[in-house]
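Here are some questions and answers for a first look at a structure.

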Amino acid sequence: MARYYDLHPDNPQPRVIRQVVDLLRADGVIAYPTDSCYALGCRIGNRDGVERIREIRRLDDRHPFTLMCADFAQLGQFVKLSNAVFRQVKSVIPGSYTFLLPATAEVPRRLQDPRRRVVGARVPRHTVTQALLAELGEPLLSSTLLLPGEDEPMTQGWEIKERLDHLIDAVVDAGDCGLEPTTVVDLSGDEPEILRRGAGDPARFE
């Protein structure tokens, strides 16, 4: 049965944040809010957690996950950034963008695109997400909480608890965080390529 944590969206209780992070460090899988939909998340090294998320969402081995990073410095540990890409990314984070970028050696091969060795990464603006990342001290491996057969991601913590109670370890509820997914930009090639238009303004990459 999943634990249920009710947090203030702008001033999350530090004690509760520590409890959630303890669960993550014990290889738990959580549902948590971001600045663009709720997501499922676990530690990068949690192989079982990755498979559990794949099963919940019915994803194949090729479906990419996203590294949810605390800040630009942490992002730079896991992806390679040219000077031009550095400036583009830094100008819009934190925010509702996911970037496909070449992965560094810090990213396990199993989490990279097998053909191009790239990985999705983002720096969210949501206060609760930032508090979790700061306490954890490493990125969260994440996937949008969009269930099989559904057209829109889940937005209500209590509903997530009801539907995924025996499939995940905790639900972090900080209220509604919207339905619009991130804007996805592939920055691994010579020119930016917008793969999905979402909550982040794509104008800078056009």
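A cavity is a set of points, on a 1 Å grid over the protein atoms alone, where a 1.4 Å probe fits but cannot get out; lining residues have an atom within 4 Å of a point. This is a predicted model, in which local features need pLDDT of at least 70 and side-chain atom pairs count only at pLDDT 80 or more, while totals for chains, interfaces and linings use all residues. Residues are numbered from 1 along each chain as its sequence is written, and side-chain values use heavy atoms, with hydrogens and water left out.

Q: Which residues line the largest cavity?
A: The lining consists of Arg 54, Asp 61, Arg 62, His 63, Pro 64, Phe 65, Arg 110, Leu 111, Gln 112, Asp 113 and Pro 114. The volume of this cavity is about 60 Å³, where a volume is the space filled by probe spheres set on the points, and grid points are joined across faces, edges and corners. A search of the whole structure finds one cavity of 30 Å³ or more.

Q: How do the lining residues of the largest cavity divide into nonpolar, polar and charged?
A: Four are nonpolar, two polar and five charged. Ala, Val, Leu, Ile, Met, Phe, Trp, Tyr, Cys and Pro count as nonpolar, Asp, Glu, Lys and Arg as charged, and the others, Gly among them, as polar.

Q: Why is strand S5 (residues 97-102) said to be largely enclosed by the rest of the structure?
A: Five of its six residues are buried, so the description applies. Buried means under 20% relative accessible area, exposed over 50%, and partly exposed in between (1.4 Å probe, protein chains only). Strands (E, at least two residues) and helices (H or I, at least four) are DSSP runs, numbered from the N terminus.

Q: What makes S5 and strand S9 (residues 183-186) a pair?
A: Two strands pair if DSSP finds at least two bridges between them. S5 and S9 have four, in the parallel sense, and Leu 100 is bridged to Asp 186 in S9. With strand S6 (residues 118-122), S5 also has four bridges, in the antiparallel sense; there Leu 101 is bridged to Val 119.

Q: Is Cys 37 buried or exposed?
A: Its relative accessible area is 0%, so Cys 37 is buried. Cys 37 lies in the loop between strand S2 (30-33) and strand S3 (38-43) and has a positive phi of about 75° although it is not a glycine.

Q: Why does Arg 117 count as partly exposed?
A: Arg 117 has 34% relative accessibility, and therefore counts as partly exposed. Its place is in the loop between S5 and S6.

Notes: On a 1 Å grid over the protein atoms alone, a cavity is a set of points where a 1.4 Å probe fits but cannot get out, and a pocket is an open set with protein on both sides within 12 Å along at least five of seven lines; lining residues have an atom within 4 Å of a point.
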